[in-house]
Amino acid sequence: MLLLAVSIVASLSIGSSTISFSDVWGILLHQLPWMDDASDHWSAGEIAIVTQVRLSRVLLGVLVGACLGLAGAGFQGVLRNPLADPYTLGVSSGSSVGAAFLILFGYQTLIGEWTIPVIAFVTGTLTLLGVFFLARSRGVMQIETLVLSGVIIQSFLGAFVSLMVSMSNDVVNQILFWLMGSLAMKNWADIYVVLPCLVIGLPLLIAYGQALNLFVLGERHAAHLGIRVERTKLIVLIGSTLLTAAAVSVSGVIGFVGLVVPHLIRLIVGPDYRLLIPLSAFGGGIFILWSDTIARVVLAPKEIPLGVVTALLGAPFFAYLLYRRKKGQEGQV
Amino acid sequence: MISVERLSKTVNGRPVLDNITFELEPGRIHGIIGPNGVGKSTLLQLLSGVMKPSSGEVSFDGARMSGYSRKALAKRLAVLQQGGLPPAGFTVRQVIEMGRFPYQNWFGDEREDHSALIDFALESMGLSDLANRALDQLSGGERQRVALAKVMVQEPEVILLDEPTTYLDIGYQVQLLDTVRQWQQDRGLTVGAVLHDLNLASLYCDQIIVLHQGGVAARGTPMEVLTEALISEVYQTEASIVIHPITGTPQILLQPKGSRQILAVT
């Protein structure tokens, strides 16, 4: 909690245009209704950068990160698979296909402002079903097979998105956005898309925390302790997919957040999902915030796509988890 | 306590159990025995309500199994399952606390404090010193004791055991079944146990149910059921039955094919 607050403050103050720490906070404080008008002290440009660009971007980053961290914890718990996350399962790519299709062909308001997240959710769910179908052999899903199926579907759908974007007129930036993820050029409207999904998804997954603990012992044990196994799986999978779809519809595919964050939290607080789930939301927010700050600042005024930063951090971590599993310390879910 | 009436189960198109009828009587230990692949584990899953019968009925305390919610059932019926617990990162105490799940509300709280119950379970399974160790640092035998402690704190009226002694050495086999029997006698529990080892079944069970070719081949006390004729019919092997010098229960001695008798049996 504290770390999140500190991260928000720091991230607000760091940026490619040099506005001092005190100016940033001065401007923000003057937005409060009882303060005098900020334009007396700062230029309109500075005010716009802080309130329109940075504040919304930072808040959106926190929300997107929370969604992805939560979704990762949910997938890992219900599939009892330490390598699962929205990205490795292909759900992110699945959602991005639906969203990219709508945007590039101009259907984004077909059924109102919720068109994109709804379609992203539908295509994300279909992708998950496809991955399960590929991975299942004789009723059992091997951990590695599941991830392999996810990666195959993910690269296929990624190519599909690239193809769609190539056919449209405004190209390169859009491709990068959908494949690599970014929080650039976002505004308050995007926050209103993500926030409701998080408000639904967070309590839903927290409510199933203890059930996911019992899943660690195996589905049979969970059933014998009074859990309705199939229903729990369905609800947690749908909740995690919804959170993924919400994040993807505003920020494109940002990989590995849902993989790295729950594992780091696990190292700190242990395997209890009742703590792991809420803390993964906070951790995801912090992780995205710092990744995005790096993305904005390192090559300023150019921006690195956010997904590049998370992949540079996350892929080696994934390799480490795979290596540790192969060394026989499995089951540490 | 649990009664099975004209129960049949087909798994993947193959009939496993065909029209079987029997009852687990309250306050007694029942052994379910039979050769490999006869459907003992399937039967146990049907008895515990996690599997639905193809036809026929399983009822618990006079009411149909399907009429109970999963949580309501878990308060009264617990299962110690085959293979034990996986090596997870939870501590022994955390895992045993999970046995209280059926009594908890959505926030994971219980009306009454159950820590004394957990301490008692830890102590009676000899796990007090391991309470804060992670499950993945324990041996298979220790994990099996954790699993039994978890079943204990579930405070059931019926426990079902699926080959509980597999992977345990003979010392732990006897220790585990002694604990189950002690607990069964203290609380008047009803026990149903799938057992591989006929001699253990004979030593600990009041009633034995023999499954063979999808049906019940015999039921009764160990003395009534465990005969040379039945062993030969069900297991396709010759065996000698002797009486245990201390407990007075029948014990089975195996013999290689073509053995010649060298001692006169008196």
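Trainee: Hi! How many salt bridges are there across the interface of chain B and chain A?

Mentor: Zero, going by the rule used here. Keep in mind that this is a predicted model.

Trainee: Which elements of chain B give two or more residues to the side that touches chain A?

Mentor: Those are α1 (40-48), α2 (70-76), β6 (77-80) and α3 (92-97) of chain B. Of these, α2(B) gives the most, with three residues.

Trainee: How do the residues on that side of chain B divide into nonpolar, polar and charged?

Mentor: You'll find 15 nonpolar, nine polar and four charged residues on the side of chain B that touches chain A.

Trainee: What area do the two chains bury between them?

Mentor: About 2,200 Å², and 63% of that lies on carbon and sulfur atoms. In chain B, the residues losing the most area to chain A are B:Q81, B:F90 and B:F101, which together make up 26% of what that side buries.

Trainee: And how many residues does each chain put into the contact?

Mentor: Chain B puts in 28 residues and chain A 21 residues.

Trainee: Switching to cysteines: how many disulfides are there over all chains?

Mentor: A search of the whole structure gives zero. Take A:C197: its nearest cysteine sulfur belongs to A:C67, 6.7 Å away, while a disulfide needs the sulfur atoms within 2.5 Å.

Trainee: Is A:C197 buried or exposed?

Mentor: Buried, at a relative accessible area of 5%. B:C205 is buried too, at 7%.

Conventions
Residues are numbered from 1 along each chain as its sequence is written. Chains are lettered from A and ligands numbered from 1 in the order in which they are written. This is a predicted model: local features need pLDDT of at least 70, side-chain atom pairs count only at pLDDT 80 or more; totals for chains, interfaces and linings use all residues. Side-chain values use heavy atoms; hydrogens and water are left out. Buried means under 20% relative accessible area, exposed over 50%, partly exposed in between (1.4 Å probe, protein chains only). Contact means heavy atoms within 4.5 Å. Buried area is the accessible area (1.4 Å probe) that two parts lose on being put together, summed over both. A salt bridge is a side-chain nitrogen of Lys or Arg within 4 Å of a carboxyl oxygen of Asp or Glu. Helices (H or I, at least four residues) and strands (E, at least two) are DSSP runs, numbered from the N terminus. Ala, Val, Leu, Ile, Met, Phe, Trp, Tyr, Cys and Pro count as nonpolar, Asp, Glu, Lys and Arg as charged, and the others, Gly among them, as polar.
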